[in-house]
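Q: Before we look at any feature, could you show me the sequence and the model, and then take me through how such features are read?

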Amino acid sequence: MTLLHAQRINVVYEPNRGTRIWSVRDVDLTLQQGEFVGLVGESGCGKSTLGFALTRMLRAPARLENGAIHFDGVDVASLSGEALRRQRRKGFAIVLQSGMNALNPVRTIENHFGDILKAHAGPGDHYSAGAIRRRGAELLSKVRLEPSVLAKFPHELSGGMRQRVSIALVLALEPKMIVFDEPTTALDVIVQKAVMQTIQELQREQGFTAILISHDLGVVFESTNRVMVMYAGRVVEDQPSNELGRGLHHPYTEALLGCYADPRAEEIHLAGIPGTPPDLSKPLPGCAYAPRCPLAVEICWKVVPPLAPLGSGTAACHVRAPSAQVPEAKVAAAKAAAGAVATK
Amino acid sequence: MSIVTPVPPPTLPGAEVEIPRGPAGPRLPGPLLFLGRALRTLWSNGKARIGLVILAIDVLVAILAPLLAPHSPTATSFTPYQSPNATNWFGTTGNGQDVFSQMIYGARISLLVGIVAGAVATFVAVTIGLIAGYRPGIIDEVLSFITNLALVIPGLPLMFILAAYLTSRSVWTIVLVVAFTSWATGARVIRSQASTLRTREFVTSAQFSGERLFRVVFREILPNMTSLVAGSFFAAATAAVMAEASLEFLGLGDPNTVSWGTILYYAQQQNALLTGQWLMVFAPGLAIALLALSFTLVNFGVDALSNPRLREKS
Amino acid sequence: MRYVGRKAALFVITLWGAITLNFLLPRLMPGSPVDAALGKLASSGVVITNAQRQAVEIQLGVPHGSLVSQYGQYLNSIVHLNFGSSYSFPSETVAQTIGKAAPWTLALIGVTTIVAFIIGTLLGVYAGWRRGKTADTTVTLGATFFAAFPPFWLGLLLLFVFAFKYSVFPIKGGYSPGATPGLSPSFLADAVYHSIIPAVTLAVTTLSGWVFGMRNNMINTLGEDYVTFAEANGLRTRTVALLYAARNALLPNVTAFGLSLGAVVGGSVLVEGVFSYPGLGNLLYIAVSNHDFPLMQALFLVITVSMLVAIFIVDLIYVRLDPRVRQA
């Protein structure tokens, strides 16, 4: 059952008059209930912005320029005020990157739970202190934390614990979809694994749709069942996770994969990605990756490649995944297959 | 970095690629270029713009005083206690002096004391703040203690007392007294910023590359604090203008100089309100308020420079 | 509790520093304040007893005797509240004069400062929350405008309009001439009546500082992740604004409050001077105008010590407000 159907999402960021930076361009996204999707890309590719846009958390000077976001049948792009606030219950939620700073320093964890529960209390719900404590302890146990955490202040907890508390708070909303924005970036590797394990287990148990935003392909590999790669604000590839590394991919995805290596291997071939990140205030008429792409041909500089079938998923590449909408690409692809060197 | 011209695709992954660079910018732009850029940014802020205009008017009035004032400010040649009339637009004092001319010339002292005392206070604040922030340990502790002491000791009362003790009264005494009592706030702010910057990577790397302390402070740390220093200056200047006016009003300044504060002093002494010379009370106070206001407004612009969140949405 | 311990130690050390500064000040000044003081005392027709002469010398500097022994005597005299005699009020000791003026200032300053802080902070929260909208611009412009008013000028203006032209409020003094000071309701009512214009003057000029500080703090706090997270979780607007944003933005303001008391005292000197309000500020004004050094010294000490005590109290309040400093 389709939970999220977002069309033509465009996010523009205007820090001062005259400058428009397109952080997200023409993204279409459809998610089924229960999917676990990873959103990867380098810093600045727009993945966090997309996550914020989908959960309606964009703040000035960023704003949603176009686009419809149908969540569970409701067009949430047009909601605001109280209606939007209500949508946060049994709707969508987001867990922020820095668990350290996501909690109010002057309120105890118990207060935090109380605030959330009371904010979404229905007409019949009365949350006494005892009820809040019970529910809080229940939610904390889901993220493997002791009830004693309730009485503490955020600064008395470690980074990993704070991240888990954030997740527990979000669970209080009984959301249908949770966006995890780089949940483990600020944590060390061991804690990282523990938190990711918790997230995976929760997703299996509770069945919510999860979007995992990360620049760490390894983390995404292990937890998700579908991966979307973003570059310069666009989705350039969309594959099932277990297909990554098998078969052909978008040149950028291949370059990303080439940045990883098994530390236990005998020989390691690491490759950087040549060139520099794109200037989002001056979008190119064609594919944004063309300046750095080893396969780029003439058409790549002129027309933005649409997502077209590649392997079990889709990719936006004139050469690897020529689209029926762009007939010239077919010709270019044939030429490329004949003479070019496929990079690994 | 923007890619304006397409980079030809490399033949092998990871091969050396010519990355287009912009023209090499100077690390510390020439002072004039810097000032020009700062002024332009300030001008773009609505509140700062108003402040700059008022300030410019005050400066012009002060410089052109001899041309603008119809009479000499100190000449006692007019009929005393006059309300505003054709010869004396703002009326006359109890000593028969023209209030309007006094107002024009008064700009000089108020502006002078405000700017110079503000500058001296800021200079002391920056020096102490930088040293304390940059050199942790005993030096920092001692300087911080002195700063805290200077902070908690009430400035205005100390100023009054100092002024009362000092027998020679000149404008420069006032400048020194005012500066002496207002450096502490700026010093604290600058110290905390300097100590934050001290641990930042670019400073550490400069130290490792062997730059001397003096150069590190002036070329790495100070440029990152310009808006903070500017903010301190304008805050100190505002305080200095008010302080000078207060001192003069209480009769602790030099009664022979003509400043807006002394006009108010004589107004109080001569019960100007009772004799109908309300302009003598109204005008200098308004002028003081406007000058202080202009510094504060410009400071808004400086604040917005250093903290993008405070910038006005244009 | 290390925080409290540190603050207590700081209090004691700063207290010592202030007292020492007070001790050194007249001895460092050019000219001889002692002779001037004694001369003036003599010329005011008062017969100076030896005890009085000694007291003055201890305060201002003895021509002979080592600095250290003077310091010891000075500290001793302070503890016994023996500040010598003032020649502005020759019939009583300095301690008595100050004692009479203190309650007036406490009432006026105390109440006004707290009210100004509360109103200023609330306005700042409001302006910061509605940043960029008309409400914010109005509040900010209003605060900027009033902040620039020299307090004595505003006092004069208000006097002119409300006391002189329209006789709504009294022109000067803390109470009507002829009334006997005491705690009777009629006297208190009279005192309050007399304190309204000075209080309004003081409040208006100090309020703006709080508005700005709080507004800036709010704007910074609103950018924090915990506010974003709270909104993302659909907490009620009022909860987010007050319990998440304002409650945290308040903290730097509380610290600043303690430090601002110095400026408030300074402002009170000017305001009380204009209104001849019988408080410590007015006393300082008289002392300074008359070059009444013994009175000046004592006043300065009293003012500084009170400020330090107030700052210490504010520090203690801060501990209640910020759990992060409570750790050992």
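A: Let us begin with buried area, which is the accessible area (1.4 Å probe) that two parts lose on being put together, summed over both. Please keep in mind that this is a predicted model, in which local features need pLDDT of at least 70 and side-chain atom pairs count only at pLDDT 80 or more, while totals for chains, interfaces and linings use all residues. Residues are numbered from 1 along each chain as its sequence is written, chains are lettered from A and ligands numbered from 1 in the order in which they are written, and side-chain values use heavy atoms, with hydrogens and water left out.

Q: What area is buried between chain B and chain C, and how many residues are in contact?
A: The area buried between chain B and chain C is about 4500 Å², and carbon and sulfur atoms give 79% of that area. Counting contact as heavy atoms within 4.5 Å, 46 residues of chain B are in contact with 53 residues of chain C.

Q: Which elements of chain B give two or more residues to the side that touches chain C?
A: Helices (H or I, at least four residues) and strands (E, at least two) are DSSP runs, numbered from the N terminus. The elements of chain B that give two or more residues to the side touching chain C are helix H5 (138-152), helix H6 (155-165), helix H11 (226-249), helix H12 (260-269) and helix H13 (278-306). The largest share of that side, 13 residues, comes from H13(B).

Q: Which residue forms a salt bridge with A:Arg234, and where do the two partners lie?
A: A:Arg234 forms a salt bridge with A:Asp26, with the closest N and O atoms 3.6 Å apart. A:Arg234 lies in strand S10 (residues 234-240) of chain A and A:Asp26 in strand S2 (residues 21-32) of chain A, so the pair ties together parts that are 208 residues apart in sequence.

Q: Are the partners in the salt bridge of A:Glu182 with A:Lys47 buried or exposed?
A: Buried means under 20% relative accessible area, exposed over 50%, and partly exposed in between (1.4 Å probe, protein chains only). The closest N and O atoms of A:Glu182 and A:Lys47 are 3.6 Å apart; A:Glu182 counts as buried because its relative accessibility is 6%, and A:Lys47 is buried as well, with a relative accessible area of 4%. In the salt bridge of A:Glu298 with A:Lys302, by contrast, the closest N and O atoms are 2.8 Å apart, and both A:Glu298 and A:Lys302 are exposed.

Definitions and conventions:
Salt bridge = Lys/Arg side-chain N within 4 Å of Asp/Glu carboxyl O.
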